Amino acid sequence: MARASCPPVALSTLKAIHGFGGSHEGVDAVVSGISQDSRDVQPGDLFCCIRGESFDGHRFVDDAVRAGASAVLADNDVAVDVPVMRVGNVRSVIGHVASALLGRPSTSMVMVGVTGTNGKTSTATMLGSILGTAGHSVEVLGTLTGVRTTPEAIDLQSRLRTCADGGTTAVVMEVSSHALAQHRTSGVVFDVAVFTNFGRDHLDFHGTEESYFAAKASLFTRDNARAGVVNGDDARIASLMTGAGIPMTAFSRADAADVSMSATSVSYRWDGLAVSVPMGGEFTLMNSLAAAQCARVLGCSDDAISRGLANVVPVPGRFEPVAGDLGFDVIVDYAHTPESLEGLLASVRAVSPGRIILVFGCGGDRDRGKRPLMGEVAARLADSVIITSDNPRTEEPDSIIDQIKDGISRLDADVQTEPDRAVAIASAISRAERGDIVVIAGKGHETTQEIAGTLHPFSDADVARSAMTGRKGSRT
């Protein structure tokens, strides 16, 4: 919605107290809300003219004023009969403005921001469990709680206001690269920022890996965080250890000793502390190390870290086992980048001596360059591969599949194609034998599939259960 109500305040007072800069044109006005969508404007709102890829809020300023906007925040000339606050870039200040109007809600809570190509949801969930064990009332915001991984600035500040008013004492939130590039978290200074890992993704938005990394790295500055916890095993991320201007701490795979891993759990010793997590896979190990290190920076006790990780509720669609008694395992995972798919398959290989049967695809209307890279990873690390549709969106599924196949050079690779994802999952389960693991990658927790612009109900885990039930029934 990108709109929030607030206690009435004079525009001049807001500007004077919080120093947003820019020029103030027109007489004073009283603001009792803030909106960036002219269709949602209510009388008394400050209307913020946001520029998007395919729209410009300045074009709708007359609609906003007719709806009752009492003032306008703009970075371009607008001719209206209400006061206009001019700034250099509306996106860069809207979070600060919304935060000020709503009483700076983030300052009353412990704030943690988790960024990275993969592992944000799991790390945030684990850290939330630790902080809850430590006595905090915790809210975890991210992929599983909203349409966007990180809400628009106004929606975020409104959500934080609700959290603070409801007694929340700690917020752990996923911070996407899109959000950082669009200043959605402006107005929040995180007590700790976490960087889980870095790989290729979202180049359809950022253009280059350099721009993508720069967006994530911008979280680790004095303006955005008080301390940082980063993956020291990634040289690119580790480069942030110097020059960030804030205290930085690294976590590493080498920090874990006596590691034991299965499809459903990971245990190890960390700095003398026994750690057990009821989730499987190598990524669980790394994500839990990130969460543990962050918790320690926040002052949590070893007991809270150990018990919090032991009691974490497994995250839907992240190395999620699908129960069955057919003699083989089925894992559903959100892996949708070359790096995450490679890590997923390596984790599966580490816990299973049997064959890996992989079902996966790539999303439409997104970075096309990663498609052949994922095809190469799949053919190299899985024993049998069925390439299918992910969320084709407005693209032709067969075209996406062909681009994935372009990366497969192994002539002996067991690779088949099936555009219908439900049929592909059923096919994989029908061919699995005792000791095998069927891996269904790409959509994870999602409950819909977008085809030709339409959302259809679809859950990888539910489809897999149905196929397993059908196979079991055919044996009786």
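1. Apart from neighbours within four places in sequence, arginine 471 is in contact with Leu326, Phe328, Ile429, Ser430, Arg431 and Ala432, where contact means heavy atoms within 4.5 Å. Arginine 471 is part of helix α16, residues 460-475; helices (H or I, at least four residues) and strands (E, at least two) are DSSP runs, numbered from the N terminus. With a relative accessible area of 16%, arginine 471 is buried (buried means under 20% relative accessible area, exposed over 50%, partly exposed in between; 1.4 Å probe, protein chains only).

2. On provenance, this is a predicted model, in which local features need pLDDT of at least 70 and side-chain atom pairs count only at pLDDT 80 or more, whereas totals for chains, interfaces and linings use all residues. Residues are numbered from 1 along each chain as its sequence is written, and side-chain values use heavy atoms, with hydrogens and water left out.

3. An open sheet is formed by 3 strands in the order β13-β14-β15, with antiparallel pairing; two strands pair if DSSP finds at least two bridges between them. Its edge strands, β13 (256-261) and β15 (273-277), each pair on one side only. On average, neighbouring strands of this sheet are turned by 15 degrees against each other, direction ignored. Strand β14 (residues 266-270) is joined to β13 by 4 bridges, and serine 260 stands opposite serine 267 in β14.

4. Helix α11 (residues 302-310) lies across β14 and β15 and runs at about 20 degrees to β15. Axes are lines fitted to C-alpha atoms, for helices over the stretch in contact, and angles run from 0 to 180 degrees between N-to-C directions.

5. The whole structure contains 4 aromatic pairs (rings of Phe, Tyr and Trp, the last by its six-membered ring, pair if their centres lie within 6.5 Å; planes under 30 degrees apart count as stacked, over 60 as edge-to-face and the rest as tilted). One of them is the stacked pair of phenylalanine 195 and phenylalanine 213, at 5.9 Å centre to centre and 25 degrees between the planes. Phenylalanine 195 lies in strand β10 (residues 192-195) and phenylalanine 213 in helix α8 (residues 209-217), so this pair ties together parts 18 residues apart in sequence. Phenylalanine 195 is buried at 0% relative accessible area, as is phenylalanine 213 at 10%.

6. The ring centres of phenylalanine 198 and tyrosine 212 are 5.0 Å apart and the planes are at 35 degrees, so the pair is tilted. One aromatic cluster comprises Phe195, Phe198, Tyr212, Phe213 and Phe220.
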